[in-house]
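Take a walk through the model below.

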Amino acid sequence: MADILATPQQAASRQAGKDDQLRVLVAISIAHWVSHFHIFVLPMLFPFLKQQLGVGYIELGFALTVFAVTSGLTQAPIGYLADHLGARKILLIGLCLGGCSLIALGLHLSYPWLIVSAALLGLANSVYHPANYAILSAHMNDARMGRAFSIHAFAGFFGSAVAPAIMAALVATFGGHGALIAAGAVGPLVALLMIAVRIPDASAANHTASAADTRKPNVITPALFVLTIFFFLLSVSSAGIGNFGVVALMSGYGTTFPVANLALTVFLGASAAGVLAGGFLADLTERHGQVAAVCFAVNAVILLVVAAVNLPQAALIGAMGLAGLLSGLIVPSRDMMVRNAAPAGTAGRAFGIVSTGFNIGGIVSPLLFGWIMDRNLPHWVFGVSVMFMVMTVILALVTERNPRATRSA
C-alpha cells in the first residue's frame with residue numbers, strides 16, 4: 001500500500017536504493033567467489049607443483065598449513081583494520097595481494113616462493129569475511145539481510161565447486177605457470193570491478209553518528225567468544241565429511257569410488273542449495289540459534305544412522321543429500337547470529353574474530369580425522385562428526401538465550 005501511495009519521486013528513490021543494494025550484493029558476492037576460488041588454486045596444482053619443484057606431498061601440505069595458520073592468526077587484526085581504515089580499502093588490498101601472490105609464484109616458481117605465496121594467500125583470505133560482512137551489514141536492508149548473507153555464502157560455495165574445472169582448463173590451455181598467473185589475475189581484475197561500480201565503504205552508513213556513538217565498544221564479548229567456539233565446531237563437523245567422507249565410505253562401508261564420490265557431490269551440492277533456502281528462513285525469524293540447533297540436531301541423527309548402518313546406495317546418497325541441505329540451511333542464520341551479537345560499528349572485527357574459529361578448525365580437523373583413518377576407524381569419521389554436531393546444537397541454544405547485543409538502528 002505504501003508503494004501505491006508513494007509519489008513518483010519517492011518511488012524512484014526507493015528503486016534507486018534497491019538498485020544500490022543489488023549492486024553492492026553482486027560485487028561483494030563476486031569477491032567472495034574469488035576468495036574460495038583462490039583457496040583451491042594451489043591444491044588443484046599439486047601434481048604440477050610436485051613435478052616442477054621435486055618435493056613430496058608433505059612439503060606441499062606444509063604450504064596449506066602455512067596458509068591456514070596465517071589466515072587464522074590475521075582474521076581478528078584484519079577485522080580491526082576493516083572497522084578503522086575502511087572495509088572497502090581492506091577488501092581491495094586483499095584482492096590484489098592474493099592475486100599478485102599467485103602471479104609472482106607463476107613467474108618465479110620455487111619452493112620458497114610457494115611458502116611465501118601460501119602465506120600471502122592466507123593473509124589475503126583473512127580479508128574477505130571481515131570486510132564483506134561489514135559492507136553488507138551496513139548497506140543491505142535489514143528485512144532482506146538473511147537472503148543477502150545467503151547469496152554471499154552461495155557465491156563462495158560456487159567458487160569452491162568450479163575451481164577444479166577452471167584450473168584444469170587453465171592448465172590445459174596455458175600450462176602450470178600460465179594457470180597460476182591467470183588465476184592470480186582474477187584478483188586485481190575484480191578489484192578494478194569494485195572500483196568501477198563504486199562499492200561504498202561500511203563506514204559510509206555511519207558518518208552521521210553522534211559524538212556519544214563514537215566511543216569504542218568492547219568487541220570481545222561473551223556472545224562472540226561463544227560464537228567463535230561455535231564456528232570452530234561447525235568447521236570440524238563439516239570438514240570430516242568433506243575431506244574424509246569418500247575414503248571413509250570406501251574403506252568402512254564397501255562403497256565403490258563412484259558411489260562414494262557421488263554421495264559427497266550430492267552432499268556439497270545440497271549444501272549450496274540449502275544456503276540459498278536458508279536466506280529466506282533467516283529473514284522469517286529472529287530465532288537464528290534455534291534454527292541452527294534444530295537443523296544440526298536432525299543432521300546429527302541422519303549422520304548417526306550413516307555411521308551405524310550400512311545403507312543401500314540410494315538411501316546413502318539420499319541421506320547425504322539431506323544432511324548437506326541441513327548443513328547449508330544454517331549458514332545464513334549463523335551469520336545473522338554474529339551480526340546480532342556485534343556491537344554497532346564493529347561488524348568487521350566481529351566477523352574477523354568468529355572466523356578465527358573456522359581457521360582453527362581447518363588446522364585441527366585434518367589431523368583429527370587423519371588420525372582416525374590411520375587407525376582404520378572409518379565409521380568414526382561420521383561418528384565424531386556427530387559428536388561435534390551435538391556440541392554445536394548445545395552452543396547454538398546457549399547463544400540463543402543470550403540477550404541480543406545492542407545495535408544502532
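Rings of Phe, Tyr and Trp (its six-membered ring) pair if their centres lie within 6.5 Å; planes under 30 degrees apart count as stacked, over 60 as edge-to-face and the rest as tilted. By this rule there are six aromatic pairs. One of them joins Phe154 and Phe158: it is stacked, with 6.4 Å centre to centre and 15° between the planes. Both residues sit in helix 8 (residues 145-196), four residues apart, about one turn of the helix. Helices here are DSSP runs (H or I, at least four residues), numbered from the N terminus.

This is a predicted model: local features need pLDDT of at least 70, side-chain atom pairs count only at pLDDT 80 or more, and totals for chains, interfaces and linings use all residues. Residues are numbered from 1 along each chain as its sequence is written, and side-chain values use heavy atoms, with hydrogens and water left out.

Phe158 is partly exposed, at 42% relative accessibility. Buried means under 20% relative accessible area, exposed over 50%, and partly exposed in between (1.4 Å probe, protein chains only). Tyr253 and Phe382 pair in another way: their ring centres are 5.9 Å apart and their planes stand at 85°, so the pair is edge-to-face. Tyr253 belongs to helix 9 (residues 222-253) and Phe382 to helix 14 (residues 379-401), so this pair ties together parts 129 residues apart in sequence. Tyr253 is buried at 14%. Phe382 is buried at 0%.

Now turn to helix 7 (residues 111-139). Its 29 residues should span 42 Å at 1.5 Å a residue, and its end C-alpha atoms are 42 Å apart, which agrees. The expected span is 1.5 Å times one less than the number of residues. Of the 29 residues, 21 are buried, so helix 7 is largely enclosed by the rest of the structure.

A cavity is a set of points on a 1 Å grid over the protein atoms alone, where a 1.4 Å probe fits but cannot get out; lining residues have an atom within 4 Å of a point. Grid points are joined across faces, edges and corners, and a volume is the space filled by probe spheres set on the points. The whole structure holds two cavities of 30 Å³ or more. Helix 7 gives the largest share of its lining, four residues. The second largest cavity holds about 40 Å³.

Terms used: Helix = DSSP H or I, 4+ residues; strand = E, 2+ residues; numbered from the N terminus. 1 Å grid on protein atoms, 1.4 Å probe; cavity = no way out; pocket = protein on both sides within 12 Å on 5 of 7 lines; lining within 4 Å.
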